[in-house]
Amino acid sequence: MYHVFKYKNYNYIYDVGSGSLHSCDQKTADYLAHGEGQNVDISYLSQTDIDAIAEDVRALEEQGLLNAPETTARPVKSGYVKALCIHICHDCNLRCRYCFADEGAYHAPREFMSEQTAKKAIDFLIANSGDRRVLEADFFGGEPLMCLDVIKNVVAYAREQGAKHGKKFLFTTTTNALLLDDDAIDFFNREMENVVLSIDGRREVHDAIRKTVNGRGSFDIVLQKIKKFVQSRGDKSYYVRGTFTAKNLDFSNDVIFLAEQGFDSISMEPVVTDIDDLAIKPEHLPAIKREYEALCEKYLEKWKKGEGFNFFHFNIDLEGGPCLSKRVSACGAGNEYFSVVPNGDIYPCHQFAGDPAFRMGNVYEGALNSRIREKFASSCLFTRSDCDKCFAKFICSGGCSANNYHFCGDIQKPYPITCEMMKKRIECGMHVLAVKKGMA
Amino acid sequence: MIRTIAKPAEKKVTGCGECRSTCQSACKTSCTVGNQSCERITRETNPEKEVK
């Protein structure tokens with residue numbers, strides 16, 4: 001199976017089985033698009049044209065780069081836990097309208113994780129990690145910086161326990177940056193492998209949603225703090241991470257705004273909400289697709305001027321990306337990755353937190369609900385039948401289980417709006433790859 | 001005419017499970033496996049990234 005697509009005046013062929021990307025002339029694109037089932041007129045092609053195209057196709061097929069058989073790789077099923085999202089608190093100092101976590105509270109009383117519970121989560125991770133040496137823990141909320149002292153103690157504890165058990169911890173914190181002071185910056189730069197900082201872009205976009213508990217926009221405070229942090233970060237990883245909603249479908253301007261603040265590692269995600277005036281709806285898709293193309297153009301323009309930055313969704317590494325076993329396994333939530341909420345309850349991931357149907361256990365109990373775990377462990381690309389004919393399947397792995405569940409009622413059922421955005425981002429990412437390799 | 005832009009590098013190891021959790025990436029709402037790197041290749045090609 002292959003996918004032919006056009007980006008501006010460039011024609012591309014992505015071979016799904018081999019993961020190869022090719023460029024081609026218009027006649028070849030039309031001929032192959034017709035073969036793919038697209039409604040393309042090829043009556044103008046002469047027999048000589050068709051013979052030449054067939055010869056090119058045959059050569060690529062012989063190299064295994066076109067119409068390659070699809071993988072028989074099976075999902076990674078180690079049975080070990082390798083990562084935890086630790087909800088260090090279910091409270092937040094912002095009241096963002098679109099927050100999937102109910103402005104930090106997760107539809108329950110506001111709550112902080114005790115140091116004892118957080119340490120128990122670390123114990124749980126180590127005890128269930130088998131022979132895996134590198135473990136990951138993400139401090140999440142609510143707003144984790146409301147509990148910085150607990151985080152510091154937990155990190156120290158994990159380092160100590162890791163040394164005893166031959167484990168190396170990689171930590172991440174996701175923060176809104178409101179409390180990001182010198183002490184936190186120093187700690188993050190010493191201990192955090194990655195820091196994800198939330199800012200939505202332009203002042204008016206950010207402040208329309210991301211308000212403090214007093215109803216004031218947080219833009220001026222967080223921009224200044226994030227800038228200071230990024231300047232101190234050196235070559236360690238971070239992402240500034242924005243959310244776009246139906247209110248800012250011109251989000252390429254927000255990404256470029258962030259790049260122009262000196263941030264060189266940026267992601268911008270579609271909102272996950274059912275709030276009517278913010279939610280992404282089918283009628284928004286044409287504008288969103290145009291906007292991804294606009295972003296792609298602006299991104300490449302900056303790259304050509306030597307002002308390039310890393311945009312998460314344009315990172316399509318077809319040569320050195322994940323192996324096929326990983327690609328068919330999806331994200332690992334509910335099997336090798338879990339969320340732990342303040343009372344120690346365990347859920348498949350942060351987006352299932354608080355849903356009784358997905359409570360898998362508690363760090364004080366140790367055992368995981370095997371029925372739920374098996375449901376997630378056995379879920380992979382091959383169990384998502386809607387993905388069978390999709391060109392993007394080995395890149396998106398069938399989408400986000402939580403997203404699928406919340407919008408379609410089934411972790412196996414991809415949400416079509418997400419799929420459409422995903423496919424467009426992938427096409428843009430492939431064009432970026434071609435340009436960077438000097439082939440477009 | 002067809003020109004190849006990219007094809008997967010031959011990998012010695014597949015399914016080793018050492019890759020980082022997808023959800024630790026930049027987004028947390030649209031975690032995408034294909035936007036990740038292979039942890040093993042990253043380490044092998046950049047020894048400074050080796051996790052001691």
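**Notebook: strands, helices and a chain contact**

I began with a pair of strands: S4 (residues 83-87) and S7 (residues 134-140) of chain A run parallel and share five bridges. Strands here are DSSP runs of E with at least two residues, helices are runs of H or I with at least four, and both are numbered from the N terminus. Two strands pair if DSSP finds at least two bridges between them. Within this pair, I found Ile86(A) bridged to Phe139(A) of S7(A).

A note on what I am looking at: this is a predicted model, where local features need pLDDT of at least 70, side-chain atom pairs count only at pLDDT 80 or more, and totals for chains, interfaces and linings use all residues. Residues are numbered from 1 along each chain as its sequence is written, while chains are lettered from A and ligands numbered from 1 in the order in which they are written.

Next I looked up the sheet. Ten strands of chain A form an open sheet with mixed pairing, in the order S12-S11-S10-S9-S8-S7-S4-S13-S14-S15. S12 (310-311) and S15 (361-362) of chain A are the edges; each has a single partner strand, so one side of each has no neighbour in the sheet. Helix H8 (residues 252-260) of chain A packs on this sheet and touches S10 (237-244), S11 (265-270) and S12 of chain A. Contact means that C-beta atoms, placed from the backbone, lie within 7 Å. The direction of H8(A) makes about 160° with that of S11(A).

Then I turned to two helices. The axes of H9 (residues 285-304) and H14 (residues 416-436) of chain A come within 10 Å and cross at roughly 20°. Axes are lines fitted to C-alpha atoms, for helices over the stretch in contact, with angles from 0 to 180 degrees between N-to-C directions. H9(A) and H14(A) are therefore roughly parallel, a label for angles under 35 degrees. Among the residues in contact are Tyr292(A) and Cys296(A) of H9(A), and Met421(A) and Cys428(A) of H14(A).

Last, I checked where the chains meet. Chain B gives 36 residues to the contact and chain A gives 64. On the chain B side, strand S1 (residues 2-6) gives the most, with five residues. S1(B) also pairs with strand S3 (residues 20-24) of chain A, antiparallel over four bridges. There I found Cys24(A) bridged to Ile2(B).

The C-alpha atoms of chain A fill a box of roughly 75 × 45 × 40 Å along the principal axes.

Key: Angles under 35 degrees count as roughly parallel, over 145 as roughly antiparallel, 65 to 115 as roughly perpendicular and the rest as oblique. Two residues are in contact if their C-beta atoms, placed from the backbone, lie within 7 Å.
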